[in-house]
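These are my notebook entries on one protein model. I record what I looked up and, for each term, the cut-off that I applied.

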Amino acid sequence: MAATAAGLALWCAALPAALAQAPSATLDKIKASGKAVLGVRESSPPMAYALGANEKYVGYHVELCERVLKEIAPTAKLEYMAITAQSTMPLVSNGTVDIGCGPTTNNLARQQQVAFAVTSYVSEVRMAVRKDSDLTSIAQLGGRTVAASTGTTAVQLLRKQERVVGSPIKTVLGKDHHESFMLLESGRADAFVLDDNILAGVIANSKDPSAYRIVGEPLGAEPIALLFRKDDPGFKAAVDGVLTRLMQSGEMEKIYTKWFVNPIPPKNASLNLPLGNALRQLFATPNDKPLETYQQ
């Protein structure tokens, strides 16, 4: 979108009138049912994760979803549905989930199935290893066993890396990030490849956070965004309008700091990932560009 700050401010100011004129199948569905279904993750801190016996879902993207829905569907009851990286696309595209609040990468292939909001996080895909590991570079992964979560873009990035290093990388897949981390924790994998923010969150909530390190150069940078049904421009305009206003007002940076810098539950540990320049620029000039534009 690359709009100016003034233009975005005018757009946001006119949002209520625009919404009144923009039909939305998703908003109609929410109004008719009296509820909005949020797709959340059980083990993707700090973006979206469960506390207790899945009694409460929290995280950076969960809070953004809640803030958005409070404004565009204030009377709707919020219902949380646990989804995985693998089930996200079908559940969002078929309307079971009204808005996806997990750490989902916006790319061209996924845009064939769903629509994405303006980017709310830029992650770097890196690897976590045990403290005593000799691995320090992605270039060393040839011939090693690497954990990744089913349905994540890390799987495709590892396949590309195989061609770079010229030798096979044995990729073992966990059904979710918790299971993938257990492969590393138990020694069944030499490394666990995933978005740096989620790796930091999983390590911070592990039995012994000091036993692991995030190392190596990034496999790539990825735009992460909320997602929803495709072909519903009215809903996208509503979601983007709220997010853009949060970004432009400085409120988004406060929400970011809450989850990435301040101590977070359940262990009150900090991820120590202050807002970077790339994301700060995105907050100033929001856009919904896909992953492929980051690789040019």
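**Entry 1: Ser-43**

I began with a polar atom of the Ser-43 side chain and found it 3.4 Å from the backbone nitrogen of His-178. I count a polar contact when two N or O atoms lie within 3.5 Å; within protein, one must be able to donate a hydrogen and the other to accept it, and residues adjacent in sequence count only if both atoms are side-chain atoms. The model is predicted, so I note that local features need pLDDT of at least 70 and side-chain atom pairs count only at pLDDT 80 or more, whereas totals for chains, interfaces and linings use all residues. Residues are numbered from 1 along each chain as its sequence is written, and side-chain values use heavy atoms, with hydrogens and water left out.

Ser-43 belongs to strand S2 (residues 43-44). Helices (H or I, at least four residues) and strands (E, at least two) are DSSP runs, numbered from the N terminus. Is Ser-43 buried or exposed? Ser-43 is buried, as its relative accessible area is 15%. Buried means under 20% relative accessible area, exposed over 50%, and partly exposed in between (1.4 Å probe, protein chains only). I then listed the contacts of Ser-43 beyond four places in sequence: Ala-48, Tyr-49, Asp-176, His-177, His-178 and Val-202. Contact here means heavy atoms within 4.5 Å.

**Entry 2: helix H7**

I looked next at His-178 from the side of H7. At the start of H7, the backbone nitrogen of His-178 has a side-chain oxygen of Asp-176 within 3.2 Å. In H7 (residues 177-185), I found His-177, Ser-180, Phe-181, Leu-183 and Leu-184 buried. These residues lie on the same side of H7, because they cover an arc of only 150° around the axis. The arc is taken over the directions from the helix axis to the C-beta atoms. After H7 comes Gly-187, with a positive phi near 90°.

**Entry 3: helix H3**

Which residues of H3 (residues 25-33) are buried? I noted Thr-26, Leu-27 and Ile-30. Their arc around the axis is only 95°, so they are on the same side of H3. Asp-28, Lys-31 and Ala-32 are exposed on the face turned away from that buried side. The buried residues of H3 pack against strand S1 (35-40), helix H4 (60-72), strand S13 (227-229) and helix H9 (233-249).

**Entry 4: H4 and H9**

Two packed helices are described by the angle and the distance between their axes. For H4 and H9, the axes come within 10 Å and cross at roughly 115°. Axes are lines fitted to C-alpha atoms, for helices over the stretch in contact, and angles run from 0 to 180 degrees between N-to-C directions. Among the residues making the contact are Leu-64 and Val-68 of H4, and Val-239 and Leu-243 of H9.

Beyond four places in sequence, Leu-243 touches Leu-64, Val-68, Ala-117, Val-118, Leu-226 and Met-252.

**Entry 5: Tyr-80**

Finally, I located Tyr-80 in strand S5 (residues 77-82). Tyr-80 is partly exposed, at 31% relative accessibility. Its side chain makes a polar contact of 2.6 Å with the side chain of Glu-66. Leaving out residues up to four places away in sequence, Tyr-80 touches Leu-38, Val-40, Tyr-57, Val-62 and Glu-66.
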